[in-house]
Amino acid sequence: MRIRAALAVTAAAAGTFAAVAATPAQATEYSSALKVKGVQYDAPGRDSNSCSTGNTRSEYLTIKNYSSSATVNLKGYVVKDAVGTPFTFPSNHYLQPGDYIKLRGGHGTDSDANNVVYRQNCNFLWNNDKDTIYLYKPSGARADVHAYSASSNDRDGNGYITYHG
């Protein structure tokens, strides 16, 4: 979780200033069982969005149900990038507590058994240098959000970033 510092200045009586202290503020945490667990934002190999020979299937977003008791249906949830390119989960896909799904690029057959949903689109969704991942509930309320940059968040340079453990 990111911690941002905010400065607090306390004014003492007679217009003099007291100490300036750094106060940590927590990043926004959304009340949602579903959260982004990680993103393979840079598919291994040279990027090619060719549907027949490309590697967009190797780019994926992992979404996990962090609830200890509630099953969540993904139908109607929306994933977007920083410029607003949307993917809406079109079908029922139930995530049991602790279960996850990989939302992959490219074409394929969605599978509950293999925990995979395909975007049915061969274009890459995530930028290789920096981007923002938004996850919205079917109601339109934000479920989770993460901004990343390759230089700040991907210390080992493997193109994968983990969130929420």
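This is a predicted model: local features need pLDDT of at least 70, side-chain atom pairs count only at pLDDT 80 or more; totals for chains, interfaces and linings use all residues.

Residues are numbered from 1 along each chain as its sequence is written, and side-chain values use heavy atoms, with hydrogens and water left out.

**Overall layout**

- The protein has one helix and 13 strands; helices (H or I, at least four residues) and strands (E, at least two) are DSSP runs, numbered from the N terminus.
- Going along the sequence, you read β-β-β-β-β-β-β-β-β-β-β-β-α-β.
- Of the 165 residues, 35% count as buried; buried means under 20% relative accessible area, exposed over 50%, and partly exposed in between (1.4 Å probe, protein chains only).

**The four-stranded sheet**

- Four strands make an open, antiparallel sheet, in the order S7-S6-S11-S12; two strands pair if DSSP finds at least two bridges between them.
- At the edges sit S7 (86-88) and S12 (142-149), each pairing on one side only.
- On average, neighbouring strands here are turned by 15° against each other, direction ignored; the axes are lines fitted to C-alpha atoms (for helices over the stretch in contact), with angles running from 0 to 180 degrees between N-to-C directions.
- S6 (residues 78-80) and S11 (residues 130-136) run antiparallel and are joined by three bridges.
- If you click on Lys80, look across to S11 for its bridge partner, Tyr134.

**Aromatic pairs**

- A search of the whole structure turns up four aromatic pairs; rings of Phe, Tyr and Trp (its six-membered ring) pair if their centres lie within 6.5 Å, and planes under 30 degrees apart count as stacked, over 60 as edge-to-face and the rest as tilted.
- One of them is Tyr41 with Tyr148: the ring centres are 4.8 Å apart and the planes are at 40°, so this pair is tilted.
- That pair links distant parts of the chain, with Tyr41 in the loop between S3 (34-40) and S4 (60-65) and Tyr148 in S12, 107 residues apart.
- Tyr41 is buried at 3% relative accessible area, and Tyr148 is buried with a relative accessibility of 3%.
- Tyr134 and Tyr136 form a stacked pair, 6.1 Å centre to centre with 15° between the planes.
- Tyr136 counts as buried at 18% relative accessibility.

**Two residues with positive phi**

- Most residues other than glycine have a negative phi.
- Asn115 has a positive phi, near 50°; you'll find Asn115 in the loop between S9 (100-104) and S10 (116-118), buried at 12% relative accessible area.
- Gln120 has a positive phi too, near 55°; Gln120 belongs to the loop between S10 and S11 and is partly exposed at 38% relative accessibility.

**The cavity**

- The whole-structure search finds one cavity of 30 Å³ or more; on a 1 Å grid over the protein atoms alone, a cavity is a set of points where a 1.4 Å probe fits but cannot get out, and lining residues have an atom within 4 Å of a point.
- The largest cavity has a volume of about 40 Å³, where volume is the space filled by probe spheres set on the points, and grid points are joined across faces, edges and corners.
- Its lining includes Glu59, Arg104, Arg119, Leu125 and Trp126.
- S4 and S9 are the elements that give two or more residues to the lining of the largest cavity.

Key: On a 1 Å grid over the protein atoms alone, a cavity is a set of points where a 1.4 Å probe fits but cannot get out, and a pocket is an open set with protein on both sides within 12 Å along at least five of seven lines; lining residues have an atom within 4 Å of a point.
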